[in-house]
Amino acid sequence: MHLTLDGGLELLCNSVKIHHVDVDLKTGEDKLSMRDLLTWIKTNLIKERPEMFVKGDSVRPGVLVLINDCDWELCGSLDAVVEEKDMVIFISTLHGG
């Protein structure tokens, strides 16, 4: 499944801002959930400090997640289904001073 990941990951992914990725579905699965995508990102994209992005099986508090410009909480959060060619954006709402 081809997806575009944007925003907020560049500090954890060798300064690459936009990622065009192909994510394989789990054996026997026909859908990709955000829960599975976050696990894939943690395993395959994040090169250092994964704790800055994920906490448990979700994103850390303060990270806004958009699926095709829609807040993931309106789509089902971790259970939201991601489809072919979707764009998933991660935006940090926390800023140091």
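Mentor: A salt bridge here is a side-chain nitrogen of Lys or Arg within 4 Å of a carboxyl oxygen of Asp or Glu. This is a predicted model, in which local features need pLDDT of at least 70 and side-chain atom pairs count only at pLDDT 80 or more, while totals for chains, interfaces and linings use all residues. Residues are numbered from 1 along each chain as its sequence is written, and side-chain values use heavy atoms, with hydrogens and water left out.

The search of the whole structure gives 3 salt bridges. One of them joins Lys26 to Asp36, with 3.2 Å between the closest N and O atoms. Lys26 sits in the loop between E2 and strand E3 (32–33), and Asp36 belongs to helix H1 (residues 34–44), so the bridge ties together parts that are 10 residues apart in sequence. Helices (H or I, at least four residues) and strands (E, at least two) are DSSP runs, numbered from the N terminus. Lys26 counts as exposed at 52% relative accessibility; buried means under 20% relative accessible area, exposed over 50%, and partly exposed in between (1.4 Å probe, protein chains only).

Next comes Arg35. Its salt bridge with Asp57 has closest N and O atoms 3.3 Å apart. Arg35 lies in helix H1 and Asp57 in the loop between strand E4 (54–55) and strand E5 (58–59), so this pair ties together parts 22 residues apart in sequence. Both ends are partly exposed: Arg35 has 30% relative accessibility, and Asp57 has 43%.

Arg35 also meets Asp79 in a salt bridge, at 2.8 Å from N to O. Asp79 is in the loop between helix H2 (72–75) and strand E8 (81–82), so the link from Arg35 in helix H1 ties together parts 44 residues apart in sequence. Through shared partners, the salt bridges join Arg35, Asp57 and Asp79 into one network. Asp79 counts as exposed, at 54% relative accessibility.

Now the rest of the chain. There are 2 helices and 9 strands, in the order β-β-β-α-β-β-β-β-α-β-β from the N terminus on. Of the 97 residues, 38% are buried. Contact means heavy atoms within 4.5 Å; among contacts between residues at least 6 apart in sequence, 55% join residues at least 24 apart.

Strand E1 (residues 2–6) runs antiparallel to E2, joined by 4 bridges; two strands pair if DSSP finds at least two bridges between them. In this pairing His2 stands opposite Asp22.

Toward the other end, Ile91 is in strand E9 (residues 87–92) and is partly exposed at 36%. Beyond its neighbours within four places in sequence, Ile91 contacts Gly62, Val63, Leu64 and Leu66.

As for covalent links between cysteines, the structure holds 0 disulfides, a disulfide being a pair of cysteine sulfur atoms within 2.5 Å. The sulfur of Cys70 has its closest cysteine sulfur in Cys75, at 3.7 Å, which is too far for a bond. Cys70 is partly exposed at 28% relative accessibility, and Cys75 is partly exposed at 34%.
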